[in-house]
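Visitor: Hi! I'm new to this one and would like a friendly walk through it. Could you put it on screen?

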Amino acid sequence: MNGDIIESLIISLQRAEQHIEDLIAMGGPVMWPLLAVSLVLWTLVLERYWYLLLVFPAYIENNLPVLRSRVVLIIETAEVTFLLRRHLRLIKTLSGILPMLGLLGTVTGIVETFDLIRVFGSAEPRIVARGVSQALITTMAGLVLGLFGVAVGYDLTRRARTGERRFRSQIGRYE
């Protein structure tokens, strides 16, 4: 029973991988930078969630001092604020770059279409459809990846602000 489930899962993953490879091939050369930027973005996003959900709460529970000077608390607050906000601007920037790369793919697809029309001397539907398809795939990929990045960036910023408030309220008890 478990062997059948695992085997069907492996087959499904192989099909999904083939679909992703086909999508990248249909999207043209701009899909590779889109893929690279989105991998960097999601690596940063996963690191931020790991820090905000696992590392920071453990720090709050275990490392708050009982007696510290005011200067040390101010420095520690600044350090925690920096750690909570780390990479958030980069995540927002990468989320904004993704739609721009999608638009670059749109322009590349349309230019390629016009080049093929110029070479063959006519606007044969198959030639035009290929270029327009490439343009639309990169636009869709850039917009979808960028929108997810913006939504996650907003959530991470909200969580970082909540963490800052939580830290300040915790150290307020020790002042």
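Guide: Let's start with residues 134–156, a span that is 100% helix and 0% strand, with its end C-alpha atoms 33 Å apart. Helices here are DSSP runs of H or I of at least four residues, strands are runs of E of at least two, and both are numbered from the N terminus.

Visitor: Before we go on, where do these coordinates come from?

Guide: This is a predicted model, where local features need pLDDT of at least 70 and side-chain atom pairs count only at pLDDT 80 or more, while totals for chains, interfaces and linings use all residues. Residues are numbered from 1 along each chain as its sequence is written, and side-chain values use heavy atoms, with hydrogens and water left out.

Visitor: Which residues does UniProt mark as "transmembrane region"?

Guide: The unreviewed UniProt entry places that feature at residues 23–45, 96–114 and 134–156. UniProt positions follow the numbering used here, feature names are shortened, and annotations may be inferred rather than shown by experiment.

Visitor: And what does the 96–114 span look like?

Guide: Residues 96–114 are 100% helix and 0% strand, and the end C-alpha atoms lie 28 Å apart.

Visitor: Which residues does the domain annotation cover?

Guide: The unreviewed UniProt entry gives "domain: MotA/TolQ/ExbB proton channel" for residues 73–165. Over that stretch the chain is 94% helix and 0% strand, and the end C-alpha atoms are 14 Å apart.

Visitor: Switching to the inside: which residues touch the most others in the largest nonpolar core?

Guide: Those are Phe-56, Leu-84, Ile-91 and Leu-156, in a core of 26 residues. Helix 2 (31–62), helix 3 (70–85), helix 4 (88–120) and helix 5 each supply at least two of its residues, and helix 2 gives the largest share, 10 residues.

Visitor: What counts as a nonpolar core?

Guide: A set of buried Ala, Val, Leu, Ile, Met, Phe, Trp, Tyr and Cys residues joined through side-chain atoms within 4.5 Å. Buried means under 20% relative accessible area, exposed means over 50%, and partly exposed is in between, using a 1.4 Å probe and protein chains only.

Visitor: How many aromatic pairs are there?

Guide: The structure holds 2. In one of them, Tyr-51 and Phe-56 are tilted, 6.3 Å centre to centre with 40° between the planes. Both Tyr-51 and Phe-56 are buried. Rings of Phe, Tyr and Trp (its six-membered ring) pair if their centres lie within 6.5 Å; planes under 30 degrees apart are stacked, over 60 edge-to-face, and the rest tilted.

Visitor: Now charges. How many salt bridges are there?

Guide: A search of the whole structure finds 5. Each is a side-chain nitrogen of Lys or Arg within 4 Å of a carboxyl oxygen of Asp or Glu.

Visitor: Which one links distant parts of the chain?

Guide: Glu-164 and Arg-85 meet in a salt bridge at 2.7 Å, N to O. Glu-164 sits in helix 5 and Arg-85 in helix 3, 79 residues apart. Glu-164 counts as buried, because its relative accessibility is 8%, while Arg-85 is partly exposed at 47%.

Visitor: What about Arg-48, buried or exposed?

Guide: Arg-48 is buried, with a relative accessible area of 1%. Its side chain meets that of Glu-47 in a salt bridge of 2.9 Å, N to O, and Glu-47 is partly exposed at 24%.

Visitor: Which residue does Asp-155 pair with?

Guide: Asp-155 forms a salt bridge with Arg-158, the closest N and O atoms being 2.6 Å apart. The two are 3 residues apart in helix 5, so about one helical turn separates them. Salt bridges that share partners join Asp-155, Arg-158 and Arg-159 into one network.

Visitor: Last topic: which residues form the nonpolar patch on the surface?

Guide: Leu-23, Met-26, Met-140, Val-144 and Phe-148, with about 450 Å² of accessible area together. Helix 1 (2–27) and helix 5 (125–172) each give two or more residues to this patch, and helix 5 gives the most, with 3. Patch members have over 30% relative accessible area and no salt bridge; like charges are joined within 9 Å, and nonpolar side chains (Val, Leu, Ile, Met, Phe, Trp, Tyr) within 5 Å. Accessible areas come from the Shrake-Rupley method with a 1.4 Å probe, and for residues only the protein chains shown count as cover.

Visitor: Where is Leu-23?

Guide: Leu-23 is in helix 1, and it is partly exposed, with a relative accessible area of 31%.
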